[in-house]
Amino acid sequence: MESLGQMFGFMLYVSDYKAKANGSLLFIPKVHDRAQVFISCPSDIYEENPKYVGTVARWSNTSIRLPHTQCTSDSRIYILVENMGRINYGQYIFDKKGILSPVYLDGKPLQKWKMLPIPFHNLNEDQKNNSVISDAYTNLRKSVQIKLKNKRNYHPAPAFYTGHFTVDEVKDTFLSFRGWSKGVAFINGFNLGRFWPSFGPQCNLYVPAPILQEGKNLVVILELEAPNAELFVTSVDHPDFTCGSSANSRVHQI
C-alpha cells in the first residue's frame with residue numbers, strides 16, 4: 001500500500017488467469033492484514049458479481065481452492081486487502097501493508113496486477129483529484145446497486161448500505177452493530193471506525209456529538225461480508241464489550 005502513497009484503508013488487486021477444469025490452488029505467503037478473494041468472468045456479456053471463494057489472513061495464510069469457472073476466456077481474480085491498523089512500538093512499528101509477496105497460482109507466480117487504492121478517510125473528502133480512487137469508489141457503488149436487487153440473497157461480499165435517522169437533541173451516543181459481520185461505518189461522511197462484532201469483544205462504535213446534527217443524518221456502512229438480516233443499526237447510550245464467539249453463550253437477543 002505504501003508504494004502507492006496509501007497508509008490506511010483497503011487495496012484492491014486485480015489480475016486475469018487461465019482457469020483449469022479441476023480448479024486452481026491460490027497461495028499468498030505474506031499478506032497484511034486480511035484479504036478476501038473473489039473470481040469472475042470479465043468477458044461475459046451478463047457478468048454477475050464476483051464470486052467469493054475465501055479469505056486469507058496474516059495469522060492464517062492457508063491456500064484457497066479456486067473453483068472452475070465457465071468463462072468464455074480468461075477468469076479474473078480480485079483480492080481485497082484490508083489494513084487493520086498499526087502499533088507504535090516493538091518489532092512491528094514499521095509494518096508495511098498489502099500483499100508483500102508473490103501471489104502463487106498452482107505454484108507459479110501470477111503476474112500483471114492492477115492495484116486500486118481505496119483509502120476510506122472521510123466520505124465527504126473530494127476524490128476527484130485522484131482518478132484511480134474515483135474509479136474504485138464507482139466500481140464499489142455499482143456492485144452495491146446490483147446486489148441490493150435481491151435483498152434476501154446475501155453472499156459474503158463487500159457492499160455499501162445507507163440509511164437515514166433523525167436526531168431531536170444532539171448528544172454523544174453509540175451505534176450497535178449486533179448482527180452485522182465486519183466493516184467500516186460513517187456518519188455524515190465522518191469515518192467512525194471499524195466494527196467486527198462476530199470477532200468481538202466490541203459491539204458498538206462511539207458517535208461523538210459534534211458529527212451529528214439536528215434533523216436528518218446519514219449513515220453509510222461498508223459491510224465486507226454479510227449484513228444484519230433486517231438491515232438496521234441501533235443507537236444506544238452505553239459501550240458494549242460482550243460480542244464475539246466467546247461471549248455468544250451469555251449474550252441474549254436484543
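Tyrosine 92 sits in the loop that links β7 (75-82) to β8 (98-99). In this predicted model, the residue is partly exposed, because its relative accessible area is 41%, a value between the 20% limit for buried and the 50% limit for exposed residues. Tyr92 also belongs to a nonpolar surface patch together with Ile87 and Tyr89. The accessible area of these three residues together is about 330 Å².

**Arginine 86**

The loop between β7 and β8 also holds arginine 86. With a relative accessibility of 32%, arginine 86 is classed as partly exposed. Not counting residues up to four places away in sequence, its contacts are Glu2, Met7, Phe8, Asp95 and Lys97. For one of these, phenylalanine 8, the separation from arginine 86 is 78 residues in sequence, while the C-alpha to C-alpha distance is 9.3 Å.

Two of the contacting residues are also linked to arginine 86 through polar atoms. The side chain of glutamate 2 makes a polar contact of 2.5 Å with the side chain of arginine 86. In methionine 7, by contrast, the backbone oxygen is the atom concerned, and it lies 2.5 Å from a polar atom of the arginine 86 side chain.

**Strand β1 and its partners**

Strand β1 covers residues 10-17, and seven of its eight residues are buried, so the strand is largely enclosed by the rest of the structure. β1 pairs with β7 and is also joined to β11, residues 114-118. The table sets out the two pairings, with one pair of opposing residues for each.

| Partner of β1 | Sense | Bridges | Residue pair |
|---|---|---|---|
| β7 | antiparallel | eight | valine 14 and tyrosine 78 |
| β11 | antiparallel | five | phenylalanine 10 and isoleucine 118 |

On the β11 side, isoleucine 118 is the bridge partner of phenylalanine 10. In a regular strand, side chains alternate between the two faces of the sheet.

**The chain as a whole**

Of its 254 residues, 44% are buried. Among contacts with a separation of 6 or more, 77% are between residues 24 or more positions apart. The chain has an accessible surface of about 14600 Å², and carbon and sulfur atoms account for 53% of that surface.

Technical notes. Residues numbered from 1 in each chain as written. Predicted model: local features only at pLDDT ≥ 70, side-chain atom pairs only at ≥ 80, totals over all residues. Heavy atoms only, no water. Patch = residues over 30% accessible without salt bridge, like charges linked within 9 Å, V, L, I, M, F, W, Y side chains within 5 Å. Areas by Shrake-Rupley, 256 points an atom, 1.4 Å probe, with all protein chains shown as cover. Salt bridge = Lys/Arg side-chain N within 4 Å of Asp/Glu carboxyl O. Helix = DSSP H or I, 4+ residues; strand = E, 2+ residues; numbered from the N terminus. Buried < 20%, exposed > 50% of the residue type's maximum accessible area, 1.4 Å probe, protein only. Pairing = 2+ DSSP bridges. Contact = heavy atoms within 4.5 Å. Polar contact = N/O pair within 3.5 Å; in protein donor to acceptor, adjacent residues only side chain to side chain.
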